[in-house]
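Please have the sequence and the model at hand while reading.

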Amino acid sequence: MSDAVIYDRGYRTYEGELTGRSGARRAIVREGIRRILGLRRKARRKLLPWSLLGIGVLMAAVFIGLQFVAGSAAAAGAEGLPSYPELFDVYSRISWLFLAVTMPELLGPDRRQGVLSVYFSRPLTVVDYLGAKAVAYLVMASSIYLVPQLAFYVGQAALSDGFLAYLGGNLDILWKIAVSTLAFILVHGGVLAIISAYIDRTPFAAATSLAVLIAGNNLAEIISAASFPGARWVSLFAFDAHARYVRDWVFDVDMATYPMEAAGFSPWVSAVSILVVAVGGSLWTLRRYRRLA
């Protein structure tokens with residue numbers, strides 16, 4: 001029997017700062033944002049998110065150019081060119097694709113790769129983990145709306161008679177943009193969280209999410225217009241329309257007649273429905289992950 005041999009592998013103890021749970025949460029947020037944007041991953045992973053973000057900014061630049069050609073914001077409105085509330089309809093189409101991929105990319109890979117037990121073997125809790133994922137979602141989801149809208153806001157100021165005068169005289173636009181953005185990302189996030197908590201593969205989760213948001217809207221609108229008792233309540237399942245109804249309410253415009261509006265519900269009902277969807281989706285996802293922990 002040969003003698004045992006001891007090899008020096010150069011092991012050293014960790015001498016850096018111990019960041020604890022807060023550091024772990026920050027690391028999950030950073031990793032979530034990197035994963036969504038495809039950073040440190042293959043080029044094909046970067047194509048969709050960066051293309052959609054670029055399209056959003058490019059469209060804002062195009063609209064600013066159209067405003068410049070029209071000569072003024074008032075003239076642009078008379079020509080039927082889009083302004084702040086209309087831009088939400090434009091960007092929401094882009095966000096459907098962006099967000100449908102965002103949430104599955106945040107939740108699916110860790111389950112698929114079986115690393116949840118590694119996360120939860122540390123002091124990190126399920127609430128910490130999901131909270132950090134939610135922060136990453138909010139940062140990226142808000143960017144698809146806020147970056148183009150803010151670019152458009154600055155562009156409008158540059159085309160006005162006085163740059164600073166426009167910025168100072170139209171500060172109400174900022175909170176209207178923020179509230180409308182929050183409505184969209186909360187209602188989408190609640191739906192996406194439930195779907196992404198069960199479907200591991202990003203393409204399948206994204207396709208299911210788009211089906212619920214798009215086809216579900218149309219189905220709810222058709223059923224809510226029926227004559228049977230209680231049909232009007234089905235309009236509340238047109239999730240995406242809630243955000244648009246609240247957006248119209250915030251900007252004091254009437255861009256369309258939404259299913260819940262046609263059924264006689266006020267914008268307050270849509271605002272509450274958005275909160276219910278967001279909170280319900282969060283609690284449902286939390287319940288799912290506590291079972292997996």
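The structure is a predicted model, in which local features need pLDDT of at least 70 and side-chain atom pairs count only at pLDDT 80 or more, while totals for chains, interfaces and linings use all residues. Residues are numbered from 1 along each chain as its sequence is written, and side-chain values use heavy atoms, with hydrogens and water left out.

**Overall architecture**

- The chain holds twelve helices and zero strands; helices (H or I, at least four residues) and strands (E, at least two) are DSSP runs, numbered from the N terminus.
- Of the 293 residues in the chain, 42% are buried, where buried means under 20% relative accessible area, exposed over 50% and partly exposed in between (1.4 Å probe, protein chains only).
- The chain exposes about 15,800 Å², of which carbon and sulfur atoms supply 65%; accessible areas come from the Shrake-Rupley method with a 1.4 Å probe, and for residues only the protein chains shown count as cover.
- Among contacts (heavy atoms within 4.5 Å) with a separation of 6 or more, 73% join residues 24 or more positions apart.

**Nonpolar cores**

- In soluble globular proteins, nonpolar side chains tend to be buried together.
- A nonpolar core is a set of buried Ala, Val, Leu, Ile, Met, Phe, Trp, Tyr and Cys residues joined through side-chain atoms within 4.5 Å.
- The largest nonpolar core has 60 residues, and Y84, F98, Y129, Y137 and Y289 touch the most other members.
- Helix 6 gives the most to this core, contributing 13 residues.
- A second, separate core of nine residues includes A220, M260, A263 and F265.
- Not counting residues up to four places away in sequence, Y129 touches residues including I28, L106, F120 and Y289.

**Helix 10**

- Helix 10 (residues 239-251) is mostly covered, with twelve of its 13 residues buried.
- Among the buried residues of helix 10 are F239, D240, R244, R247 and F251.
- The cover over these buried residues includes helix 4 (84-112), helix 8 (172-196), helix 9 (202-224), helix 11 (259-262) and helix 12 (267-292).
- D252 follows helix 10 and has a positive phi, near 55°.

**Packing of helix 4 and helix 8**

- Helix 4 and helix 8 pack at an angle of about 35° with their axes 9 Å apart; axes are lines fitted to C-alpha atoms, for helices over the stretch in contact, and angles run from 0 to 180 degrees between N-to-C directions.
- Residues making the contact include Y84, F88, W96 and R111 of helix 4 and I173, T181, F184 and H188 of helix 8.

**Two buried serines**

- S142 is found in helix 6 (residues 126-159) and is buried, with a relative accessible area of 15%.
- The side chain of S142 reaches the backbone oxygen of L138 at 2.7 Å.
- Beyond residues up to four places away in sequence, S142 touches Y137, V147, T181 and I185.
- S209 lies in helix 9 and counts as buried at 1% relative accessibility.
- From S209, the side chain reaches the backbone oxygen of A205 at 2.8 Å.
- L192 and I195 are touched by S209, again not counting residues up to four places away in sequence.

Methods. A polar contact is a pair of N or O atoms within 3.5 Å; within protein, one must be able to donate a hydrogen and the other to accept it, and residues adjacent in sequence count only if both atoms are side-chain atoms.
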